[in-house]
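Try each task before you read its solution.

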Amino acid sequence: GRKYPWGNDVLDCNRAVHSVSPCSNTATAAVGSKPAGSSPYGAEDMVGNVWERVEDDWHGDYTGAPVDGSAWVDDPRGPSRVWRGGGWDIDDTRYLRASYRYYYDPAYRGNLYGFRCSRD
């Protein structure tokens with residue numbers, strides 16, 4: 001029910017690495033450099049810094065999506081993967097949300113894109 005990982009307080013320069021004025025970031029920052037933007041669960045950098053690549057194949061909506069929390073992987077794989085959260089170069093707050101999703105070719109590389117390591 002939160003707009004942002006930290007809650008509903010406004011997005012600012014202390015919560016995420018982004019280029020929305022007046023922040024004007026010009027590159028990525030060290031992981032965890034904005035602790036005020038952490039979720040109550042301790043997850044950091046869920047918005048801004050780099051777009052998060054996820055395993056899911058791109059679908060325009062959630063019709064037919066798995067309901068068990070697993071990645072939505074087509075067989076054969078689709079041409080695009082889901083990316084979330086916006087990167088440091090984003091200058092519009094509507095893209096700086098963990099719930100915002102977009103798609104790109106999974107082979108694309110750049111300093112705007114990353115991934116999150118996790119384990120059971």
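**Exercise 1: The whole chain**

Find what share of the protein's 120 residues counts as buried.

Solution. The model is predicted. A residue is buried when its relative accessible area is under 20%. By that cut-off, 34% of the 120 residues count as buried. The protein exposes about 7,500 Å². Carbon and sulfur atoms supply 49% of that area.

**Exercise 2: Elements and overall form**

List the secondary structure elements from the N terminus on, then compare the radius of gyration with the globule rule.

Solution. Start with the count: zero helices and four strands. From the N terminus on, the order reads β-β-β-β. Next, take the C-alpha trace: along its principal axes it spans about 45 × 30 × 25 Å.

**Exercise 3: Contacts and charges**

State what percentage of the contacts with a separation of 6 or more joins residues 24 or more positions apart. Then count the positive and negative side chains.

Solution. Contact here means heavy atoms within 4.5 Å. Among contacts with a separation of 6 or more, 57% come from residues 24 or more positions apart. Now the charges: there are 14 positive and 17 negative side chains. The centres of the two sets lie 4 Å apart.

**Exercise 4: The disulfide**

Identify the cysteines that the disulfide joins, and give its handedness.

Solution. The structure holds one disulfide. Its partners are Cys 13 and Cys 23, with an S to S distance of 1.9 Å. That passes the cut-off, which asks for sulfur atoms within 2.5 Å. Both cysteines lie in the segment before strand E1 (51-57), so the bond ties together parts that are ten residues apart in sequence. The C-alpha atoms of Cys 13 and Cys 23 are separated by 5.4 Å. The torsion about the S-S bond is about -105 degrees, so the disulfide is left-handed.

**Exercise 5: Cysteine surroundings**

Sort Cys 13, Cys 23 and Cys 117 into buried, partly exposed or exposed. Then name the contacts of Cys 23 beyond four places in sequence.

- Cys 13 has 27% relative accessibility, so it is partly exposed.
- Cys 23 has a relative accessible area of 18%, so it is buried.
- Cys 117 has 66% relative accessibility, so it is exposed.

Last, leave aside neighbours within four places in sequence: Cys 23 is in contact with Asp 12, Cys 13 and His 18.

Note on methods:
Residues numbered from 1 in each chain as written. Predicted model: local features only at pLDDT ≥ 70, side-chain atom pairs only at ≥ 80, totals over all residues. Heavy atoms only, no water. Helix = DSSP H or I, 4+ residues; strand = E, 2+ residues; numbered from the N terminus. Buried < 20%, exposed > 50% of the residue type's maximum accessible area, 1.4 Å probe, protein only. Areas by Shrake-Rupley, 256 points an atom, 1.4 Å probe, with all protein chains shown as cover. Lys, Arg positive; Asp, Glu negative; His and termini not counted. Charge placed at Lys NZ, Arg CZ, Asp CG, Glu CD.
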